[in-house]
Structures are given as C-alpha cells and as structure tokens.
Amino acid sequence: MSALSTSITYDQTTSLILMTVRGKAGAEDVVNAYKAAKVYSEQHGSKKVLVDVSELEHKFAAIDIVNVMPKVAHYLTNMQIARVVGFEGYMHDLFLQKVKRFGIHAENFECFKSAKEWLSNA
C-alpha cells in the first residue's frame with residue numbers, strides 16, 4: 001500500500017490545475033506526480049498549476065534531486081507552478097532552485113491564497 005496520496009482537479013472559474021500531494025514520497029513518486037499534472041493540464045488546456053505539498057515528506061536523499069529534476073522539468077516545460085510548502089522547507093527550497101535552473105516559472109508559498117494570487121497574475 002502506498003504511503004502517498006495525490007488528488008488533482010481543474011477549477012474552471014480560475015483555469016487552474018489544483019493538485020495536493022500528501023504523505024511520504026520517493027523520488028519516482030515526485031516525478032509521477034508532476035507527470036500527472038502535465039497530463040491533466042493538457043486535458044484542460046491550462047498551463048497554471050497550484051501544488052499543495054505542505055503535508056509531503058520526501059523519502060529520498062537531497063543528492064537524488066539532481067537525477068529527479070531533469071525528469072520533472074521535462075513535464076513542467078512551458079508551465080507556471082505555484083507550490084504551497086510546509087515548514088520543513090529544505091527539500092522544497094532545493095527543488096525550487098533546481099527547477100528554476102531548467103527555466104521553469106515556479107515559486108514556493110506558505111499559503112494557498114498567496115500561491116493562487118501569484119498564478120492568477122502570472
């Protein structure tokens with residue numbers, strides 16, 4: 001049984017893809033979550049994704065992010081990503097640094113409202 005829960009929806013009023021990822025994630029889980037976001041965004045014609053990872057725990061070493069990021073960046077090309085992160089921000093900050101190196105328009109936020117406003121104005 002997986003220790004990871006992912007939900008994804010489309011908000012027609014804001015044209016945003018809303019995704020929540022909770023639990024304990026391995027490196028491949030992270031890649032698969034963003035792959036799902038890409039597929040969903042293509043189905044709904046939206047390039048703006050709000051991801052809530054505030055209750056996500058990374059179960060892989062920080063060095064592994066070097067191998068994860070090219071795969072994640074592949075799925076996030078031409079998208080705007082707002083991430084709501086929790087207090088355990090080290091891996092979230094590292095993720096943001098790496099994804100920006102691939103030219104992905106992304107930011108981390110402490111609350112849903114700020115993330116949504118940023119995406120709405122992007």
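In the predicted model, strand β2 is joined to strand β4 (residues 56-58) by 3 bridges, and the two strands run parallel. Within this pairing, A25 has H58 of β4 as its bridge partner. Strand β2 also pairs with strand β3 (residues 48-53), again in the parallel sense, over 4 bridges. Here T20 stands opposite D52 of β3.

One of the residues involved is I8, whose bridge partner in β2 is M19. Strands β1 and β2 form a hairpin with 4 residues between the strands. S15 is found in this loop, which lies between β1 (4-11) and β2 (16-25).

The backbone of S15 was examined next. Most residues other than glycine have a negative phi. S15 has a phi near 60°, which is positive although the residue is not glycine. S15 counts as partly exposed because its relative accessible area is 36%, a value that falls between the cut-offs of 20% for buried and 50% for exposed. A positive phi is also found at N78, where the angle is near 65° and the residue is again not glycine. N78 is placed in the loop between α2 (65-76) and β5 (80-85). With a relative accessible area of 62%, N78 is exposed, because the value is over 50%. Both residues therefore lie in loops, but S15 is partly exposed, whereas N78 is exposed.

Aromatic side chains were considered as pairs. A pair of aromatic rings is described by the distance of the centres and the angle of the planes. A search of the whole structure gives 2 aromatic pairs. One of them consists of Y34 and F95, which are stacked, with 5.5 Å from centre to centre and 25° between the planes. This pair links distant parts of the chain, as Y34 belongs to helix α1 and F95 to helix α3 (residues 90-101), 61 residues apart. Both Y34 and F95 are buried. The other pair, F109 and W118, is tilted, with a centre-to-centre distance of 5.6 Å and an angle of 50° between the planes. F109 counts as buried because its relative accessibility is 15%, under the cut-off of 20%. W118, at 21% relative accessibility, counts as partly exposed.

E107 is located in strand β6 (residues 105-109). Its relative accessibility is 26%, so E107 counts as partly exposed. Q43 is 64 residues from E107 along the chain, and the C-alpha atoms of E107 and Q43 are separated by 23 Å.

Key
Residues are numbered from 1 along each chain as its sequence is written. This is a predicted model: local features need pLDDT of at least 70, side-chain atom pairs count only at pLDDT 80 or more; totals for chains, interfaces and linings use all residues. Side-chain values use heavy atoms; hydrogens and water are left out. Buried means under 20% relative accessible area, exposed over 50%, partly exposed in between (1.4 Å probe, protein chains only). Two strands pair if DSSP finds at least two bridges between them. Rings of Phe, Tyr and Trp (its six-membered ring) pair if their centres lie within 6.5 Å; planes under 30 degrees apart count as stacked, over 60 as edge-to-face and the rest as tilted.
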